[in-house]
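Me: I would like to go through this model and ask what stands behind the terms used for it.

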Amino acid sequence: MGHGGNVIDELVTDHHEVEEMFGRIEALPSGHKDRKVYADQVTMELVRHSVAEEAYLYPAVREHVAGGDALADQELKDHATAEQIMKDLEGCDAADADFDRLMGMLMSEIRSHIADEEGNLFPRLRQACPMDTLNELGDKVRKAKKTAPTRPHPAAPDTPPANKLLAPGTGMVDRLRDALSGRGKFE
């Protein structure tokens, strides 16, 4: 899918890509080895997406949306829950007994989070935030995703400025580990 445009369009495109990956996982039988490859790919995308949201989207929500602090705090709680599930999933092969249970929990958590963002947070941000700011945030989110980590780090900071300082270095290490291990790639 094409990326670009304002922050909301960018993040909705990410949501569609994640849902497509979930569909690929659900289409395969339990225990199939490719389910793990897709799970790794979806984790990589979700972590990059979450890091970018935490660095730029949620601070904008706090600044521009009435009641934005409570909205952003809830989104961060959702991210923490999903990140812990992804961390637990990271150690499972597709044939492991816990894989399907954890994958189901992750899909449910992410689908609920997406529905909330697209149905509640994004419309409120679109109404409260000037279009040039939304466009600028889209550029920042795209740049952040390029250097963001690709593995879950539940103990890492999730608010600025610490997350903006640490994410690029952690991301570089994660991408090196992914390249060396072949994580997220088919054999």
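**Terms and values in a predicted model**

Reply: Of the 187 residues in the protein chain, 45% count as buried. The model is a predicted one.

Me: What makes up the secondary structure of the protein chain?

Reply: The protein chain has 6 helices and 0 strands. Read from the N terminus, the order of elements is α-α-α-α-α-α. Among contacts in the chain with a separation of 6 or more, 74% are between residues 24 or more positions apart.

Me: Why is H2 called roughly antiparallel to H3?

Reply: The axes of helix H2 (residues 34-64) and helix H3 (residues 68-90) cross at roughly 160° and come within 10 Å. Angles over 145 degrees count as roughly antiparallel, so H2 is roughly antiparallel to H3. The crossing in which H2 passes H3 is left-handed.

Me: Which residues in H2 and H3 meet?

Reply: From H2 come Lys36, Ala39, Thr43, Leu46, Val47, Ser50, Glu53, Glu54, Tyr58, Val61 and Arg62. They meet Gly68, Asp69, Leu71, Ala72, Asp73, Glu75, Leu76, His79, Met86, Leu89 and Glu90 in H3. The residues of this contact of H2 with H3 divide into 10 nonpolar, 4 polar and 8 charged.

Me: Why is His79 called buried?

Reply: His79 lies in helix H3. Its relative accessible area is 6%. Buried means under 20%, so His79 is buried.

Me: What makes the pair of His79 and Tyr58 a polar contact?

Reply: The side chains of His79 and Tyr58 are joined at 3.0 Å. The cut-off for a pair of N or O atoms is 3.5 Å, and the pair is listed as a polar contact. Leaving aside neighbours within four places in sequence, His79 is in contact with Ser50, Glu53, Glu54, Tyr58 and His113.

Me: How do you know that H1 is roughly antiparallel to H4?

Reply: Helix H1 (residues 7-27) and H4 have axes that cross at roughly 160° and come within 11 Å. With over 145 degrees as the limit for roughly antiparallel, H1 is therefore roughly antiparallel to H4. H1 passes H4 in a left-handed crossing.

Me: Which residues of H1 and H4 make the contact?

Reply: On the H1 side they are Val7, Ile8, Asp9, Leu11, Val12, His15, Val18, Glu19, Phe22, Ile25 and Glu26. On the H4 side they are Met103, Leu106, Met107, Ile110, Arg111, Ile114, Glu117, Glu118, Phe122, Leu125 and Arg126. The residues of the contact of H1 with H4 divide into 14 nonpolar, 1 polar and 7 charged.

Me: Why is Arg126 called partly exposed?

Reply: Arg126 is placed in helix H4 (residues 97-128), and its relative accessible area is 40%. Buried means under 20% and exposed over 50%, so Arg126 is partly exposed. Not counting residues up to four places away in sequence, Arg126 touches Asn6, Ile8, Asp9 and Leu134. Arg126 and Val7 are 119 residues apart in sequence, and 9.6 Å apart from C-alpha to C-alpha.

Me: What makes Asp88 count as partly exposed?

Reply: Asp88, in helix H3, has a relative accessibility of 38%. The C-alpha atoms of Asp88 and Phe99 are separated by 9.1 Å, with the two residues 11 apart along the chain.

Key: Residues numbered from 1 in each chain as written. Predicted model: local features only at pLDDT ≥ 70, side-chain atom pairs only at ≥ 80, totals over all residues. Heavy atoms only, no water. Axes fitted to C-alpha atoms, helices over the stretch in contact; angles between N-to-C directions. Helix = DSSP H or I, 4+ residues; strand = E, 2+ residues; numbered from the N terminus. Parallel < 35°, antiparallel > 145°, perpendicular 65-115°, else oblique. Left-handed = near helix turned anticlockwise from the far one by under 90°. Contact = heavy atoms within 4.5 Å. Nonpolar A, V, L, I, M, F, W, Y, C, P; charged D, E, K, R; others polar. Buried < 20%, exposed > 50% of the residue type's maximum accessible area, 1.4 Å probe, protein only. Polar contact = N/O pair within 3.5 Å; in protein donor to acceptor, adjacent residues only side chain to side chain.
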